[in-house]
Amino acid sequence: MEDGRETAAMREQKRKDRQIALENTDSDIGLCGWILVIFSILLTLLTLPLSIWMCIKIVKEYERAIIFRLGRILRGGAKGPGLFFILPCTDSFINVDMRTITFDIPPQEVLTKDSVTVSVDGVVYYRVQNATLAVANITNADAATRLLAQTTLRNVLGTKNLAEILSDREEIAHSMQSTLDDATDDWGIKVERVEIKDVKLPQQLQRAMAAEAEATREARAKVIAAEGEMNASRALKEASLVIAESPSALQLRYLQTLNTIAAEKNSTIIFPLPIDMMQSFMKH
């Protein structure tokens, strides 16, 4: 745990150092650069108030502006939200959206650890954490994050078997989020959340799993039926022992059975006679 915290702290310090190095390049524009900057300032002053409309820019609350002066990032890093000023001849800027962005990971055909081919898709939530790094360190942060998410999904699922993929989705999503966050840290991207949406199995595998589940249920049903028969036989044995101790109890059971048969409105009633009574008639 402590090693993980130290690694995270070191990574954060390196990111800050890179950002400071990018932002502190304003003094490296050289003599010609300063001459062009002074000329641009004079031109702006001479063309007032028309030039003011070219100098004032506005960025929205969810945006940040990265200003480039003669191709170098201006000291101070990202500007905004609100008003900021640029020199019309030497400065340019790029707006960066800081809101959370979501995208779907296309279904990926993955071969699991136990050699089963599955199709898995997901969704990723990320945002730009550092606008300066997102502009200076990568050409297209959105496209790079999408491609990296697809590759990470295949790599993570390739180390899992089918049972783990179906049951441990939260753990897989957390592992993907951690991997993506570490990889995109140099780009100024913060991966906030990763979710596994759907796991699609081949039709043959679905039928095989359904047959296996049905066979398991049938086997369990047979075991339950056998246990019920065993319990019933034990109960009958105990009942026979109780009836054997009192012969009148058998007659009462006969009468109860006749009452049950009569309640069902049957046209034929079979009345059982005791064997002892039949033997007495045969003797006469």
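A salt bridge here is a side-chain nitrogen of Lys or Arg within 4 Å of a carboxyl oxygen of Asp or Glu. What you have open is a predicted model, so local features need pLDDT of at least 70 and side-chain atom pairs count only at pLDDT 80 or more, while totals for chains, interfaces and linings use all residues. Residues are numbered from 1 along each chain as its sequence is written, and side-chain values use heavy atoms, leaving out hydrogens and water.

**Start with the whole chain**

Show the cartoon. You are looking at 10 helices and 8 strands; helices (H or I, at least four residues) and strands (E, at least two) are DSSP runs, numbered from the N terminus. Of the 284 residues, 27% count as buried. Buried means under 20% relative accessible area, exposed means over 50%, and partly exposed is in between (1.4 Å probe, protein chains only).

The chain exposes about 19000 Å², with carbon and sulfur atoms supplying 58% of it. Areas come from the Shrake-Rupley method with a 1.4 Å probe, and for residues only the protein chains shown count as cover. As for contacts (heavy atoms within 4.5 Å), take those between residues at least 6 apart in sequence: 69% of them join residues at least 24 apart.

**Select residues 34–56**

An unreviewed UniProt entry places a "transmembrane region" here. UniProt positions follow the numbering used here, feature names are shortened, and annotations may be inferred rather than shown by experiment. In the model, this span is 74% helix and 4% strand, and its end C-alpha atoms lie 21 Å apart.

Next, pick I38, I41, L42, L45 and L48. Together they form a nonpolar patch on the surface, with about 450 Å² of accessible area. Patches are built from residues with over 30% relative accessible area and no salt bridge; nonpolar side chains (Val, Leu, Ile, Met, Phe, Trp, Tyr) are joined within 5 Å, like charges within 9 Å. Zoom in on L42, which belongs to helix α2 (residues 30–46). L42 counts as partly exposed because its relative accessibility is 47%.

**Jump to E63**

E63 sits in strand β2 (residues 63–69). Leaving aside residues up to four places away in sequence, E63 touches P81, N95, V96 and M98.

**Finish with the salt bridges**

How many salt bridges are there? The count comes to 7, and we will visit some of them.

Select D104 and K197, whose side chains meet in a salt bridge at 3.6 Å, N to O. This pair links distant parts of the chain, 93 residues apart: D104 is in strand β6 (residues 101–111) and K197 in strand β8 (residues 189–200). D104 is partly exposed at 49% relative accessible area, and K197 is partly exposed at 42%.

Then try E192 and R127, where the closest N and O atoms of the salt bridge are 2.6 Å apart. Here strand β8, holding E192, is linked to strand β7 (residues 117–128), holding R127, across 65 residues. E192 is partly exposed at 36% relative accessibility, and R127 is partly exposed at 27%.

Last stop: R193 and E195. Their salt bridge has its closest N and O atoms 2.7 Å apart. R193 is partly exposed, at 49% relative accessible area, and E195 is partly exposed too, at 27%.
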